[in-house]
Amino acid sequence: NNLRDYFKTGSTWNTNVAVSRATENSNIRLSVTNGQIMSMAPGYSINRRSVALKGGASVTDKLHANASMNYMTQDAHNRMGTGYYDDNIMQNFTWFGRQVDLNALRHYRCDGTEPTACVIGQEYNWNYNYHDNPYWVQFVNQNGDERDRLIGDISADYQINDWITVT
C-alpha cells in the first residue's frame, strides 16, 4: 500500500495564553499564540507564533480611543507543491500506480548500493523518464517560506450627540 507507506497521520497543535484587564475607563489585552502543524507528507511542517496587544480608553465622556497591534511569524518547511508541476508529489501518485514500492524509494539519493545503475549523489528512482522520487521532491527540492507580518490599528470615536458618532 504505497499511500499508507508514504503518508502518515498529521497533527495541529495550538497553544494560547491571554491576559486582560479592564477598568471603568480603560481596557487592555495581551495574547501570545504558538501553533505547530505536522503534515501528512514527510518532512512538511509549519510553525506559527503571534503576539497581539489591544487596548482602549475613554479620554473624555465623548472621546474614546482604541489601538491594537498583532505581530505574526510563520516558518514553513518542505511545503508540498501544487498544480501540474514537478514539486507536486501528488502527481507521482496519480501517474505511477499502486505497484511502486515507496519503502524502496525512502533511500532517495544514490550511494552505489542501489540495484540499478545511478550516479552517486543523484536521485534514486523507480522510473527516470517522467517522475521524480517523492522523497527527493520533499527533501532535496524543498519548497519553504518564512513570513513576518505586523498589523496595527488606531482609532478614535467622538460622540457628537445621542445619535451621531464620528470615527
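In which strand does Ser 50 lie? In this predicted model, Ser 50 belongs to strand β3. The residue is buried, at a relative accessible area of 18%, a value that falls under the 20% limit for that class. Leaving aside residues up to four places away in sequence, Ser 50 touches Ser 31, Val 32 and Thr 33, and also Asn 70, Tyr 71 and Met 72.

Strands of a sheet pair through backbone hydrogen bonds, in either a parallel or an antiparallel sense. Here, six strands make up an open sheet in the order β1-β2-β3-β4-β5-β6, and the pairing is antiparallel. The edges are taken by β1 and β6 (165-166), each of which has a single partner strand, so one side of each is left without a neighbour in the sheet. Between β3 and β4, the antiparallel pairing extends over 14 bridges. Within this part of the sheet, Ala 57 stands opposite Ala 65 of β4.

Several of these strands also contribute to a nonpolar patch on the surface. The patch is formed by Val 19, Ile 28, Leu 30, Val 32, Val 51, Leu 53, Met 69, Tyr 71 and Leu 150, which together have about 750 Å² of accessible area. At least two of its residues come from each of β2 (26-38), β3 (45-58) and β4 (63-77). Strand β2 gives the largest share, three residues. Two members of the patch, Val 32 and Tyr 71, are also among the residues touched by Ser 50. Another member, Val 19, is found in strand β1 (residues 11-22). Val 19 counts as exposed because its relative accessibility is 52%, and the exposed class begins over 50%.

How many disulfides does the count come to? The count comes to one disulfide, and this bond joins Cys 110 to Cys 118 with an S to S distance of 2.0 Å. The link of Cys 110 and Cys 118 is left-handed, with -125° about the S-S bond.

Key:
Residues are numbered from 1 along each chain as its sequence is written. This is a predicted model: local features need pLDDT of at least 70, side-chain atom pairs count only at pLDDT 80 or more; totals for chains, interfaces and linings use all residues. Side-chain values use heavy atoms; hydrogens and water are left out. Patches are made of residues with over 30% relative accessible area and no salt bridge: like charges are joined within 9 Å, nonpolar side chains (Val, Leu, Ile, Met, Phe, Trp, Tyr) within 5 Å. Accessible areas come from the Shrake-Rupley method with a 1.4 Å probe; for residues, only the protein chains shown count as cover. A salt bridge is a side-chain nitrogen of Lys or Arg within 4 Å of a carboxyl oxygen of Asp or Glu. Helices (H or I, at least four residues) and strands (E, at least two) are DSSP runs, numbered from the N terminus. Buried means under 20% relative accessible area, exposed over 50%, partly exposed in between (1.4 Å probe, protein chains only). A disulfide is a pair of cysteine sulfur atoms within 2.5 Å. Two strands pair if DSSP finds at least two bridges between them. Contact means heavy atoms within 4.5 Å.
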